[in-house]
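Please read the following account with the sequence and the coordinates side by side.

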Amino acid sequence: MFIQQEFYLWRLSYDLAVNQRFDIVFIDAQNSEIWLAKEQRGIQVVVRLVHKEINWRNELKREVDDVQYHISRNKHVFPGGRTRLHCVFISEYPPVDEWDSIEYPPAKHVKEVSVHFLDDAEKYKELPFFMKHFQISLQPYHSTTEEIEYERQSQYLKQQVMSIHKRRKKEFQEVFSYGKTVITFVFIILNLIVFALMERYGASTSTSTLIEFGAKYNPAIIEGEWWRIITSMFLHIGIVHLLMNMLALFYLGAAVEKIYGSTRFLTIYFLAGIFGGSASFMLNPNIAAGASGAIFGLFGALLYFGLKNKRLFFQTMGYNLLMIIGINIAFGLIVPQIDNGAHIGGLAGGFIASMMVGLPSQQHLKRNKLVAVILYGFCMVVMLSIGIFKGDGFSL
């Protein structure tokens, strides 16, 4: 019966979404099709449920090939190279000809494919196998002879699944709108003002001007001017250096401040900048300045966000962000003038600082905060100690 099949479609979708915490990726209520996904032990499990009659094996083969094609075209929605695809057809009858022997070669982003037919005659036999495949336990479905009861439950479950889908989409949107871009613009304005003052009273490329305005200068830091690690974050050497960093700050700062909120963003920015400056003090004996360490800390904050929200991270920025980080680090290793210590140190410092403050949308464990504080403090002591020893003439 049509209405009974609809009931099974929405009941199974509801159980996977609610009881097993599968993400609802796509719903086409008009054509009775739902896609769900979940990461299980490093494997991306994708379930496509559809109420559809498949008559011939060739038709089934084309159907599965189309599903694999859509996954490969939307890899940002289905991240990871180890995807296990389950195509579940809820129908009155299975295909007329033999379909169990069809082989589905792995596609570019799909490593394994399985097909399940929950037809009217075999659904009670196939459903336990389907559940066992996922290592999940679903509540038994009580059959009824009343068609009106099937219709009532089907409509209720459909509304519940649609509501879950809308609510989770709203939660995803709220993640990127927790805070407003305020501190980012304040930092950009401060950097521009400081640069203008440097140009007015000297030159941003002048060594003496840089030292006078508070650049990272190891001999002065060893003598007690530790504040240079902070002030150097607001100095830039030349207009190109300034514009490159301000452009990066505009895009990265806006993203991090919206995700973490202004207070957390402020904490991450300064802690990352101090961490990067300390790494530069340890590794780079030359005069250095710039917001690069703090900006790389924003990369670290986004990586921490990705660790806690893998699916959302890869759906939005994941692969592009990782590529940009890789290119920047590689570029820094090739070009000798770039302060790699500040960049890598800022990246690590931003990640640790994000672990300290946590994400606003998630419960933050005090244990994680304590571990992050201890790690940050330990690394700071080590970096500053090594910098002092090297500056005093010790060789390590």
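A215 counts as buried in this predicted model, because its relative accessibility of 0% falls under the 20% cut-off. The residue belongs to the loop that runs between α6 (207–213) and α7 (218–222). Leaving aside residues up to four places away in sequence, A215 touches L210, R228, S232, L235, I287, A288 and A289. A further relation concerns I229, which is 14 residues away from A215 along the chain, while the C-alpha atoms of the two are separated by 7.6 Å.

The sheet can be followed strand by strand. Strands of a sheet pair through backbone hydrogen bonds, in either a parallel or an antiparallel sense. Here five strands make up an open sheet with mixed pairing, in the order β1-β2-β3-β4-β5. Its edge strands are β1 and β5 (112–119), each of which pairs on one side only, and the twist from one strand to the next averages 15°.

Strand β1 (residues 23–28) and strand β2 pair in the antiparallel sense over five bridges, and within that pairing the bridge partner of D23 in β2 is A37. The two strands form a hairpin with four residues between them. Strand β2 itself (residues 33–40) is mostly covered, since six of its eight residues are buried. By contrast, strand β4 (residues 83–91) and β5 run parallel, joined by eight bridges, with F89 standing opposite F117 in β5. Helix α1 (residues 2–19) lies across β1, β2, β3, β4 and β5, and runs at about 160° to β3.

S32 lies in the loop between β1 and β2, and its phi is near 55°, a positive value in a residue other than glycine. S32 is buried, because its relative accessible area of 7% is under the 20% cut-off. H51, found in strand β3, is likewise buried, because its relative accessible area of 13% is under that cut-off too. Not counting residues up to four places away in sequence, H51 touches F2, Q5, E6, L9, N31, S32 and I90, so that S32 is among its contacts.

The last part of the picture is a helix pair. Two packed helices are described by the angle between their axes and by the distance between those axes. For helix α10 (residues 262–283) and helix α14 (residues 340–357), the axes come within 7 Å and cross at roughly 145°, and α10 passes α14 in a right-handed crossing. On the α10 side, the residues that meet α14 are R264, T267, I268, L271, A272, F275, G276, A279, S280 and L283. On the α14 side, they are G341, A342, G345, G346, A348, G349, G350, I352, A353, S354, M356 and V357. Sorted by class, the contact between α10 and α14 has 12 nonpolar, nine polar and one charged residues.

Technical notes. Residues are numbered from 1 along each chain as its sequence is written. This is a predicted model: local features need pLDDT of at least 70, side-chain atom pairs count only at pLDDT 80 or more; totals for chains, interfaces and linings use all residues. Side-chain values use heavy atoms; hydrogens and water are left out. Axes are lines fitted to C-alpha atoms, for helices over the stretch in contact, and angles run from 0 to 180 degrees between N-to-C directions. A crossing is left-handed if the near helix is turned anticlockwise from the far one by less than a right angle, and right-handed if clockwise. Contact means heavy atoms within 4.5 Å. Ala, Val, Leu, Ile, Met, Phe, Trp, Tyr, Cys and Pro count as nonpolar, Asp, Glu, Lys and Arg as charged, and the others, Gly among them, as polar. Buried means under 20% relative accessible area, exposed over 50%, partly exposed in between (1.4 Å probe, protein chains only). Two strands pair if DSSP finds at least two bridges between them.
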